[in-house]
Amino acid sequence: MVVPRALCPQDVARSFDGALEVTKKNQKKDKERLEAQQAADMKQEIKQIKQEQVKDLKGFLQQLKIEVKEEEKLVNVSVMEQPKQERKQTLRRKLSDIQGFKVEKEQSYKNQLAEDLEKHKTTLAQKQKDEMRNLEIKFLLSKHDLIRQRENDLWEIERAKLQEKHSILKSNLQEAFLLHNQQLTERHRVVSVTCYLSTAILFSYCA
């Protein structure tokens, strides 16, 4: 990212705080929206499962009723083979056993339906928990990107300052070198002229 010339650490901090605040607000809205959607999904799915279970239970009870009637018919036939004085008691006992079996089987099926419903609830709850965790991870990644961008911007500012200092120092050194070189050149010229004049004067005296 190219840092604007006027950018300073205070600008970076304000920009970061503003962006982070926007990210937090968006994350809060997304979370509330997801929670509402998840609640609606949970309600709808549980309602649908219960409706299906009502149909399943109705079908099961109808089939169970048919089985019980068949068992009762068989019992009536078998009881007729018993001695007459034992028939009534035997019939009562066997019909009672059939009714007990019917109640037990019906209750077992209802328990299985309830267990299946709880499994569906647990599975859906875990799925929704994962969705919420993914949303939190998304927010943390966005926050991390903002922090990284802030550090990059601060580094660019510091790098620009260092480059400016280096440029000024380099310029000052070049100016000092040129000035020193000019001074040496001028001194050399003065010395040369002085030597030339001295030599000329000396020769004029000798002549």
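Me: Hi! How exposed is Tyr109?
Reply: Tyr109 is partly exposed, with a relative accessible area of 22%. Keep in mind that this is a predicted model.

Me: Why doesn't Tyr109 count as buried?
Reply: Buried means under 20% relative accessible area, and Tyr109 has 22%, so it is classed as partly exposed.

Me: Okay! How many aromatic pairs are there?
Reply: The count comes to one aromatic pair. Phe60 and Tyr109 form it, and their rings are stacked.

Me: What numbers describe a pair like that?
Reply: A pair of aromatic rings is described by the distance of the centres and the angle of the planes. For Phe60 and Tyr109, that is 4.0 Å centre to centre and 5° between the planes.

Me: Where in the chain are Phe60 and Tyr109?
Reply: Phe60 is in helix H1 and Tyr109 is in helix H2, 49 residues apart, and the pair links these distant parts of the chain.

Me: Is Phe60 buried or exposed?
Reply: Phe60 is buried, with a relative accessible area of 17%. Phe60 is also one of the eight residues in the largest nonpolar core.

Me: Which other residues are in that core?
Reply: Along with Phe60, the core has Leu57, Leu64, Val68, Val75, Val79, Ile98 and Leu113. Helix H1 (9–79) and helix H2 (84–206) each give two or more residues to this core. The largest share, six residues, comes from H1.

Me: Pick one of them. What does Val68 touch?
Reply: Apart from neighbours within four places in sequence, Val68 is in contact with Ile98, Gln99 and Lys102. Ile98 is a core residue too.

Me: New topic: where is Thr23, and is it buried or exposed?
Reply: Thr23 lies in helix H1, and it is buried, with a relative accessible area of 18%. The side chain of Thr23 reaches the backbone oxygen of Ala19 at 2.9 Å. Not counting residues up to four places away in sequence, Thr23 touches Phe139, Ser142 and Leu146.

Me: How about Gln128, buried or exposed?
Reply: Gln128 is buried, with a relative accessible area of 11%. Gln128 is in helix H2. Its contacts, leaving aside neighbours within four places in sequence, are Gln38, Asp41 and Met42.

Me: Last one! What does the charged end of Arg150 sit over?
Reply: The charged end of Arg150 is placed over the ring of Phe16, 4.3 Å from the ring's centre.

Note on methods: Residues are numbered from 1 along each chain as its sequence is written. This is a predicted model: local features need pLDDT of at least 70, side-chain atom pairs count only at pLDDT 80 or more; totals for chains, interfaces and linings use all residues. Side-chain values use heavy atoms; hydrogens and water are left out. A nonpolar core is a set of buried Ala, Val, Leu, Ile, Met, Phe, Trp, Tyr and Cys residues joined through side-chain atoms within 4.5 Å. Buried means under 20% relative accessible area, exposed over 50%, partly exposed in between (1.4 Å probe, protein chains only). Helices (H or I, at least four residues) and strands (E, at least two) are DSSP runs, numbered from the N terminus. Contact means heavy atoms within 4.5 Å. A polar contact is a pair of N or O atoms within 3.5 Å; within protein, one must be able to donate a hydrogen and the other to accept it, and residues adjacent in sequence count only if both atoms are side-chain atoms. Rings of Phe, Tyr and Trp (its six-membered ring) pair if their centres lie within 6.5 Å; planes under 30 degrees apart count as stacked, over 60 as edge-to-face and the rest as tilted. A charge sits over a ring if NZ of Lys or CZ of Arg is within 6 Å of the ring centre and within 35 degrees of the ring normal.
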